[in-house]
Amino acid sequence: SPFASKQYKNGREEREKIFPVAQISAGGGGDPLPACQTSKADGCSPSSRGVKSSSPHDLLSVARLVKLGRSKNVVVVAGAGISTASGIPDFRTPGTGLYSNLEKYNVPYPEAIFNIDYFSDNPQPFFSLAKVLYPGSHRPNYIHYFIRVLHHKGLLLRMYTQNIDGLEKLCGIPDDKLVEAHGSFATASCHLCYTPYPAEEYAIMHDRVPTCSFCTATVKPDVVFFGEDLPRKYFLHRKDFPKADLLIIMGTSLKIEPFASLVNSVRSTVPRLLLNRNAVGPFERVPLRRGDHMELGDLADSVRKFAEMLGWDGEIQELMRSQEVVASNHESCEETSRAEGSGAPSSSEETDSETDSKSST
Ligand code: CNA
């Protein structure tokens, strides 16, 4: 089957597929948990919030480690919560998350939209949703630029993101520092015969489902669906996590495996900092593991506070201003050239691909 051929392509040992945690605990493929159980597991229940909540000391003690030069190999693990400030809804935030707003996609249960078997029969819901997530209409925010500055300082070992919005790349985090664990929209392939299609050819923004010119099956962006293999690059985690000396977890509910378990693969003495609206994963446990810190609340506020403690806020704001000015000039240039009918200029956003340096902290 085409599925088997993809497994073969990725190598036997390296096969890991993504699953929602809820399905795994229900016996690997059962119905997802009902909403109330999900929100409890999300850490929204008073009991999981109450006992050890965030304190200003958490952020401060991690900032101190960084300033003392004790954290030089920082791994960042991120999810949809880092992009809500850019206007992209996450999955699970009640009210605004995509899972609360699925009526328009007409799917039997939320995860169906990213289920490869469901997609084979009915790709339309995914393509409707893809328009919301598709790169192009959103800009990186302060949180993305914080991570880029972490890289500027020579402290970022790697960023592992579950996001498919491409904002990490857009803010200039270089390719070799980034693992897009759940794939991206940058490329696409036929979901049956795996013929590759460059992004511009599969034209996701049009109101039709793109089909393969060889076998007529649906062309799917190389976003990893439930039940699909993770990209090869994901396996860098085997090298990176044992090397990490600080783990920062931001904006994720840690509900999707195997990504969620990555946070447990740093050495037991390594400090872990959770920045999120609510406690998630191992941070729901009371008491917390020694070395675990969390700052609960709005992520942009927490990251700004952290950056101020580190003395990086000015640099982040300056970088953000310069990049965003370049981007908006670029946009108005494109608009002008479109209006004048002279075609679009080529993209020229600055990235850090040559600045992968251990520069000053
Ligand atoms: P999720 O399950 O929706 O969890 C997001 C987490 O972030 C939740 O715990 C929220 O409480 C928290 N959060 C959201 N906004 C904020 C905020 N402003 N401040 C503080 N905390 C906040 O999403 P995950 O990333 O954990 O789930 C993984 C899925 C989501 C991946 O497979 C993605 O492909 C998928 N996804 C990606 C995007 C994107 O690319 N931007 C958007 C929506 C979904």
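Visitor: Why is Pro20 called buried?
Guide: Its relative accessibility is 1%, and buried means under 20% relative accessible area (1.4 Å probe, protein chains only), so Pro20 counts as buried.

Visitor: What kind of model is this?
Guide: It's a predicted model, where local features need pLDDT of at least 70 and side-chain atom pairs count only at pLDDT 80 or more, while totals for chains, interfaces and linings use all residues. Residues are numbered from 1 along each chain as its sequence is written, and side-chain values use heavy atoms, leaving out hydrogens and water.

Visitor: Which residues is Pro20 in contact with, leaving aside neighbours within four places in sequence?
Guide: Those are Glu111, Phe226, Lys255 and Ile256; contact means heavy atoms within 4.5 Å. Pro20 and Ile256 sit 236 residues apart in sequence, yet 4.2 Å apart in space, C-alpha to C-alpha.

Visitor: How do you know whether His182 is buried or exposed?
Guide: Its relative accessible area is 6%, and the cut-off for buried is under 20%, so His182 is buried. The unreviewed UniProt entry lists His182 for "active site", though such annotations may be inferred rather than shown by experiment.

How values were computed:
Buried means under 20% relative accessible area, exposed over 50%, partly exposed in between (1.4 Å probe, protein chains only).
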